[in-house]
Amino acid sequence: MDSLTQIVLGAAVGEAAIGKKVGNKAMLCGAIAGTIPDLDVMAKLIFDDVTANELHRGFSHSILFSILMAPILGWLVSKLYKNKQANWKDWTKLMFLALFTHPILDAFTTWGTQLFWPLDHKIAFNNIFVADPLYTVPFLIFLIIAMFYKRTHPKRRKFNNLGLYFSSIYLLITLFLQQGAKANFVINLDNQHLQYNEIQTRPTPLNSILWTANIETNNSFLIGYYSYFDEPDIINFTEFPKNHHLLGDLKGDPLIPRLIKLTEGWYTIEKDADKIYFNDLRFGQLGIGANASRFVFSYELYYDENGELKAKERERLIEDATPMLKKLFARVLGNKS
């Protein structure tokens with residue numbers, strides 16, 4: 001999830017852990033701890049794009065990391081805040097819960113989280129977008145209200161718990177919404193007599209009303225959109241050829257299997273003039289449908305001065321975001337719009 005959401009979750013968990021003992025310091029330390037796992041994004045300052053993306057949500061998002069770091073951070077904070085009411089064990093408990101709930105929440109998004117690192121297995125439920133205001137905003141409001149009560153006041157815990165309950169219930173609701181959307185995709189595929197191998201359903205940006213599906217066939221991928229406001233529930237699918245043959249001799253380079261593994265097989269190859277692009281389909285398009293400019297995650301394949309095959313992420317322009325969001329929210333309101 002986005003940084004603000006992880007700060008709010010960490011702060012709420014910190015308050016639930018030892019807020020009655022140390023007050024707002026619990027929220028502060030929980031908020032800080034809740035952002036620590038995402039420091040793995042700093043890998044992009046050291047490594048190439050592919051390696052950095054391979055490392056993202058790896059060790060720092062594992063149970064092992066939470067277990068190892070919690071007592072260290074707990075000890076540091078206990079030395080910084082010499083509070084008679086909270087000892088090293090209390091701070092360790094707070095740190096573990098704040099660190100551990102971060103990857104648990106991330107596991108519900110699309111990227112995948114290696115909770116059981118060093119086992120090479122990612123968990124991704126794909127039922128919530130990385131930034132969803134309906135999850136975060138009410139959660140934040142309840143947390144802010146709780147901050148203004150004294151640490152021993154019963155309403156402080158009440159409002160903090162309300163935030164945790166509301167966000168958790170919403171997360172559960174998105175799982176049901178995902179299954180409902182998937183059922184509609186499957187019905188439409190069957191009605192249109194479209195044969196497929198696998199289907200992946202996920203929400204579109206910033207909401208849980210409009211859903212999209214990647215559908216794998218033998219030679220292509222189909223992409224469709226379904227809103228709970230659609231009328232009627234007829235889904236049009238756009239076809240994207242896999243074009244894996246365009247890799248040619250590149251297929252034998254060690255970089256290609258790494259990219260295939262990173263995308264979990266959801267990829268197409270695109271050739272534009274003399275450039276070849278490796279598109280990751282899991283995170284959707286910069287737009288909706290066949291007229292969308294391209295995919296959010298796309299790598300340009302090229303040879304460096306040493307003749308070594310490299311991949312760099314294609315730049316995503318900020319100015320493209322406004323028109324894209326307008327079209328997105330129009331589509332959220334249903335195909336009748």
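Partly exposed describes a relative accessible area between the buried limit of under 20% and the exposed limit of over 50%. The legends below refer to a predicted model.

**Figure 1. Asparagine 243 in the loop between strand 4 and helix 8.** At 26% relative accessibility, asparagine 243 falls between the two limits, so the residue counts as partly exposed. Its phi is positive, about 55 degrees, although asparagine 243 is not a glycine. Most residues other than glycine have a negative phi.

**Figure 2. Leucine 206 in the loop between strand 1 (198-203) and strand 2 (210-216).** Leucine 206 also has a positive phi, near 70 degrees, in a residue other than glycine. Its relative accessible area is 29%, so leucine 206 is partly exposed.

**Figure 3. Phenylalanine 240 in strand 4 (residues 238-241).** With a relative accessible area of 16%, which is under the 20% limit, phenylalanine 240 is buried. Phenylalanine 221 stands 19 residues away from phenylalanine 240 in sequence, yet the C-alpha atoms of the two are 5.2 Å apart in space.

**Figure 4. The cis peptide bond from tryptophan 117 to proline 118.** Omega of this bond is near 15 degrees. Proline 118 belongs to the loop that runs between helix 5 (88-106) and helix 6 (133-147). Most peptide bonds are trans.

**Figure 5. The cis peptide bond between glutamate 231 and proline 232.** Here omega is about 0 degrees. The loop holding proline 232 lies between strand 3 (220-227) and strand 4.

**Figure 6. The largest nonpolar core, with 20 residues.** The members that touch the most other members are Leu259, Phe278, Tyr299, Leu301 and Ala311. At least two residues of this core come from each of helix 8 (255-263), strand 5 (267-272), strand 6 (275-285), strand 7 (295-303) and strand 8 (309-313).

**Figure 7. The surroundings of alanine 311.** Leaving out residues up to four places away in sequence, alanine 311 touches Asp49, Val50, Leu255, Leu259, Tyr299, Glu300, Leu301 and Tyr302. Among these neighbours, Leu259, Tyr299 and Leu301 are also named with Ala311 as members of the largest nonpolar core that touch the most other members.

Figure 8. The C-alpha trace spans about 65 × 55 × 35 Å along its principal axes. A compact globule of 337 residues would have a radius of gyration near 20 Å, and the 22 Å of the protein chain agrees with this. Buried residues account for 50% of the 337 residues. Of the contacts between residues at least 6 apart in sequence, 56% join residues at least 24 apart. The chain exposes about 17,000 Å², and 62% of that area is supplied by carbon and sulfur atoms. There are 35 positive and 33 negative charges, and their mean positions are 15 Å apart.

Technical notes:
Residues are numbered from 1 along each chain as its sequence is written. This is a predicted model: local features need pLDDT of at least 70, side-chain atom pairs count only at pLDDT 80 or more; totals for chains, interfaces and linings use all residues. Side-chain values use heavy atoms; hydrogens and water are left out. A nonpolar core is a set of buried Ala, Val, Leu, Ile, Met, Phe, Trp, Tyr and Cys residues joined through side-chain atoms within 4.5 Å. Buried means under 20% relative accessible area, exposed over 50%, partly exposed in between (1.4 Å probe, protein chains only). Helices (H or I, at least four residues) and strands (E, at least two) are DSSP runs, numbered from the N terminus. Contact means heavy atoms within 4.5 Å. The radius of gyration is taken over C-alpha atoms; the globule rule is 2.2 Å times the number of residues to the power 0.38. Accessible areas come from the Shrake-Rupley method with a 1.4 Å probe; for residues, only the protein chains shown count as cover. Lys and Arg count as positive and Asp and Glu as negative; His and the chain ends are not counted. The place of a charge is taken as NZ of Lys, CZ of Arg, CG of Asp or CD of Glu.
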